[in-house]
Amino acid sequence: MGQRIHFVVDPQGWCCMGLIIFVWLYNTIFIPKVILFPHYEEGNISVVAVLCYYFCSLFCIASLFRASVADPGKLPENPEIPITEREHWELCNKCNVMRPKRSHHCSRCGHCVRRMDHHCPWINNCVGEDNHWLFLQLCFYTQILSSYTLILDFCHYYYFLPLKKENWDVFVFRHELALLRISAFMGLIILGGISRLFYTQLMGIFTDTTSIEKMSNCCEDISRPQKPWQQTFSEVFGTHWKILWFIPFRQRQPLRVPYHFANH
C-alpha cells in the first residue's frame, strides 16, 4: 500500500526542521573527516565502525524525511462511514468533519488526524496513526547517532592514539578542537531532549494512549482493556515482525482494529 505525501506549509516548522538537518549534516561531514577516516587509516578503528556510523546516519535522515512528508492519517472531507460504525464516529466542532473516536483536530495543520499524538514542529508534521512508527524510528536513531558521536569525541581525546599524519593546512585540523566541542555540545543537547521524548512515546504505546489523551485525561473515562505490549507495538509499526520495526525503508500495513471493537 503506497503512502500518501503530506506537506505542511509552516515557516516555523521549516526553521525547526532546517536546524535538525544542519546538526545532522555537521556531524555527518566533520566527524568522519576529523575522527573516523584518520583513525581508520592509521589502524586505530576498523571499517565496521565507519560503516556503522554511516548506517546510523542514513537511517536517521531517512526516518526524518519520511516522517515529515508522510500522511499522519488526515481525514478526508467526506469520509465513507460503514453503517455498522456510524455510532462510533463524531462530528468535529472545528472543521465540521465526521471522524472516528480518538481522532483530534490539529489547529496548526487545519484538519483532523486519526489517533493524533501531537504536532511536532521538528518534523513539521503531525504525529498520527500512519506516521507514528516513523517518528519512533527517528527518535531511536537520533539517540543512537548522538551517543555514537559523543563516544567518538571522547575516544578521540582520551582513548585513541594520537594521529601521526595530520595536514594542518586543512580547515578541519586547524579548528579541530572547536569543531569537536561544538559537536559534543549539540550531541548532549539533542540526546537529553530526545531521550525524554522517546521515553514518553514508549510509555504511551505501552499504555495504548496518546499524548493528547494524557493531557486531557480522557483515558479515565475509557474502559479499554489492557493489551500486551507486543500487540500495541505491532499496531503502531504495522507488522508483527520485530526486525521490521527498525527499518524505515518500507510501507506500513495497518493492523489496528477499529476503536469500538477494541473496547467491546
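1. The crossing of α1 and α5 is left-handed, a crossing being left-handed if the near helix is turned anticlockwise from the far one by less than a right angle, and right-handed if clockwise. This is a predicted model, in which local features need pLDDT of at least 70 and side-chain atom pairs count only at pLDDT 80 or more, while totals for chains, interfaces and linings use all residues. Residues are numbered from 1 along each chain as its sequence is written, and side-chain values use heavy atoms, with hydrogens and water left out.

2. Helix α1 covers residues 11–41 and helix α5 residues 176–206, and the two pack at an angle of about 135 degrees with their axes 10 Å apart; helices (H or I, at least four residues) and strands (E, at least two) are DSSP runs, numbered from the N terminus. Axes are lines fitted to C-alpha atoms, for helices over the stretch in contact, and angles run from 0 to 180 degrees between N-to-C directions. The pair α1 and α5 is therefore oblique, given that angles under 35 degrees count as roughly parallel, over 145 as roughly antiparallel, 65 to 115 as roughly perpendicular and the rest as oblique.

3. On the α1 side, the contact with α5 includes Val-23, Tyr-26 and Phe-30, and on the α5 side it includes Glu-176, Leu-179 and Met-186, where contact means heavy atoms within 4.5 Å. The residues of this contact divide into 12 nonpolar, 2 polar and 1 charged; Ala, Val, Leu, Ile, Met, Phe, Trp, Tyr, Cys and Pro count as nonpolar, Asp, Glu, Lys and Arg as charged, and the others, Gly among them, as polar.

4. α1 also packs with α2, at an angle of about 170 degrees and with the axes 11 Å apart, which makes α1 roughly antiparallel to α2. Among the α1 residues that meet α2 are Met-17, Trp-24 and Phe-37, and among their α2 counterparts are Val-50, Tyr-54 and Phe-65. By class, the contact of α1 with α2 has 17 nonpolar, 4 polar and no charged residues.

5. α5 packs with helix α7 (residues 229–237) at an angle of about 110 degrees, their axes 8 Å apart, which makes α5 roughly perpendicular to α7. Leu-202, Ile-205 and Phe-206 of α5 make this contact with Trp-229, Thr-232, Phe-233 and Val-236 of α7, a set with 6 nonpolar, 1 polar and no charged residues.

6. The largest pocket holds about 640 Å³ of space and is lined by 28 residues, of which Ile-20, Trp-122, Thr-142, Ile-190 and Ile-194 lie nearest its centre. On a 1 Å grid over the protein atoms alone, a cavity is a set of points where a 1.4 Å probe fits but cannot get out, and a pocket is an open set with protein on both sides within 12 Å along at least five of seven lines; lining residues have an atom within 4 Å of a point. Grid points are joined across faces, edges and corners, and a volume is the space filled by probe spheres set on the points. α5 gives the largest share of the pocket lining, 9 residues, and the lining as a whole has 20 nonpolar, 8 polar and no charged residues.

7. The count comes to 1 cavity of 30 Å³ or more, and the largest cavity holds about 40 Å³ of space. Its lining includes Asp-117, His-132 and Lys-214, and α5 supplies the largest share, 4 residues. The lining of the largest cavity divides into 1 nonpolar, 7 polar and 2 charged residues.
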